[in-house]
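Have a look first, then read on.

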Amino acid sequence: MNITRGFTGRPRVDHPGLPPGQYDAGDEWPVLSAEVTPDLAPADWTFRIDGLVADPRTWDWEQAHALPASAYEGAIHCVTGWSKFGVRFGGVCLDTFMDLVRPDGSATHAVAYSHTGYTANLPLADLTGGRAWIVWEYDGRPIPSEHGGPARLIVPHLYFWKSVKWIAGLRILDHDEPGFWEGNGYHARGNPWEEQRYSGD
Amino acid sequence: MPGRIGVGRQAASVWRTATLTEIRRETPRAATFRFAVPGWPGHVPGQHLLLRLTAEDGYVAQRHYSIASAPDDSRYLELTLDHVAGGEVSGWFHSVARPGDRVEVRGPLSGFFAWPGDRPALLLGAGSGVVPLMSMVRHHRTRGLSLPLRLLVSARSPEELIYRGELGAETLPVFTRSAPEGVAVGRMAAAHVAPLLAEAPEDGWEAYVCGSNSFAEHASRLLVAAGQPVDRIRIERFG
Ligand SMILES: Cc1cc2nc3c(=O)[nH]c(=O)nc-3n(C[C@H](O)[C@H](O)[C@H](O)COP(=O)(O)OP(=O)(O)OC[C@H]3O[C@@H](n4cnc5c(N)ncnc54)[C@H](O)[C@@H]3O)c2cc1C
């Protein structure tokens, strides 16, 4: 261990929900995105799933809202170090969309992409089984555009750069294909509990 | 949008010991910390690193910091830190750190905000957001590059303008609280950005925006409104 002289850190409370190397951001919700926040109206938003699926489909705002509602309540973790507890997102569970397009047996991964061109890769196993959502509400209100509104993906068990803002679609693949940050040195999977921050972790 | 440079996977996964060699005051709230980092693989202007402090009981705090120095100064690295009120890491730097102290760094990270010096660059920063942009300005100078580079920087007052004595003809400062005689006080506005876009080189600018989130939102919207293509705006938000 490489102790820093005179550094004690701030008094800590043991938080069982805090992954290693993270701190509790409290009420703060920092914005991290490398792009210009788009002006994307709900009427112009669409969500598509294609690639290795039996029945590729596109949903518009109303069609997506007609699907059974689902919510996530819990924590989110950003690779820059903050975690946020007790957040509430409302939308539709990704399984609902997946059941309608029916991925092939050979499908293993997905690239999630935004209306702005941002991408993130994810193993299919991280997107199914009630662990990922397409959401449009935060705390009962529309998600602000700088946080990904009108609709974003959330995959809360992975670092939040995987939770693509302004989500436009998923391309289902039989191999892994690095997305934006993964191509810029970040880890391919990004599990906060294993501190998979950068490639090589 | 693609990254600007390839990033070494190996280099980014290693923690290296950085020894503080010098502290230089920049403004009442910001200081530059110069480190010797044996084995540092070098960086491209605009990149940042991850810095880690370890307490005696094993507690670690890690934060991202942009690299301020030009890559040519390869045996040394400089970081410029704002003193955040109540800040855990910047607080240690501003009240405890002295030459000889050792911390750990990992990087450089991210190939996205990088500027290798290959395209005309329009830089917009506020507060400590000027740090990675200064690395670009220094690179431009030390290499004697002739391609256009302009820096638009916002600070509360001349006293709070980081690198004040070093900024030159490439820079237009904007002051939000108090300004020298004859200089207007106010936020960065279309009137600052439009002339720079009007004098854009033939293939346009590569724009780099850095600072707090509210500044990044404001400045990137000004650029878009003035006609800068969204896919040629790179943003680094300090959170
Ligand atoms: C890519 C990137 C590059 C960056 N580059 C730079 C740079 O070049 N220069 C620079 O100065 N900064 C930079 N930053 C910001 C930097 O990473 C830190 O966020 C900043 O230095 C503050 O860290 P800190 O430990 O001092 O403050 P923190 O301890 O993180 O505190 C920040 C604020 O939150 C409050 N706070 C947080 N947790 C608690 C708690 N548990 N109890 C009480 N209060 C709390 C503090 O009071 C303070 O107001 C960069 C950030 C990013 C993402």
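This is a predicted model: local features need pLDDT of at least 70, side-chain atom pairs count only at pLDDT 80 or more; totals for chains, interfaces and linings use all residues.

Residues are numbered from 1 along each chain as its sequence is written, chains are lettered from A and ligands numbered from 1 in the order in which they are written, and side-chain values use heavy atoms, with hydrogens and water left out.

**Around the ligand**

- Two side chains also reach oxygen atoms of the ligand: Arg10(A) puts an N or O atom 2.8 Å away, and Arg63(B) has a polar atom at 2.8 Å.
- Of the 960 Å² of accessible area that the ligand has on its own, the protein covers 73% (areas come from the Shrake-Rupley method with a 1.4 Å probe; for residues, only the protein chains shown count as cover).
- In chain B, the elements giving two or more residues to the shell are β4 (60-66), β5 (76-82), α2 (88-95) and β11 (233-237); helices (H or I, at least four residues) and strands (E, at least two) are DSSP runs, numbered from the N terminus.
- β4(B) gives the largest share of that shell, with four residues.
- In total, 21 residues surround the ligand, and the closest are Arg10(A), His64(B), Tyr65(B), Val89(B) and Ser90(B) (a residue is near a molecule or strand if one of its heavy atoms lies within 4 Å of it).
- Why is the site shared between chains? It is shared because residues from chains A and B surround the ligand.
- Sort the shell by class and you get seven nonpolar, eight polar and six charged residues; here Ala, Val, Leu, Ile, Met, Phe, Trp, Tyr, Cys and Pro count as nonpolar, Asp, Glu, Lys and Arg as charged, and the others, Gly among them, as polar.

**Where the two chains meet**

- Chain A brings 40 residues to the contact and chain B brings 46, with contact meaning heavy atoms within 4.5 Å.
- About 3,600 Å² is buried between chain A and chain B, and carbon and sulfur atoms give 51% of it (buried area is the accessible area, 1.4 Å probe, that two parts lose on being put together, summed over both).
- On the chain A side, Arg5(A), Phe7(A) and Val36(A) lose the most area to chain B, together 20% of what that side buries.
- Three salt bridges cross the interface of chain A and chain B, each a side-chain nitrogen of Lys or Arg within 4 Å of a carboxyl oxygen of Asp or Glu.
- Arg5(A) turns up again here, in a salt bridge with Asp101(B) (2.7 Å, N to O).

- Most residues other than glycine have a negative phi, and most peptide bonds are trans.
- The bond from Gly149(A) to Pro150(A) is cis, with omega near 15°, and Pro150(A) sits in the loop between β9 (141-142) and β10 (152-154) of chain A.
- Gly107(B) and Pro108(B) are joined by a cis peptide bond too, with omega about 5°; Pro108(B) belongs to strand β6 (residues 102-109) of chain B.
- Trp166(A) is not a glycine, yet its phi is positive, about 50°; look for Trp166(A) in the loop between β10 and β11 (167-173) of chain A.

How values were computed: A polar contact is a pair of N or O atoms within 3.5 Å; within protein, one must be able to donate a hydrogen and the other to accept it, and residues adjacent in sequence count only if both atoms are side-chain atoms.
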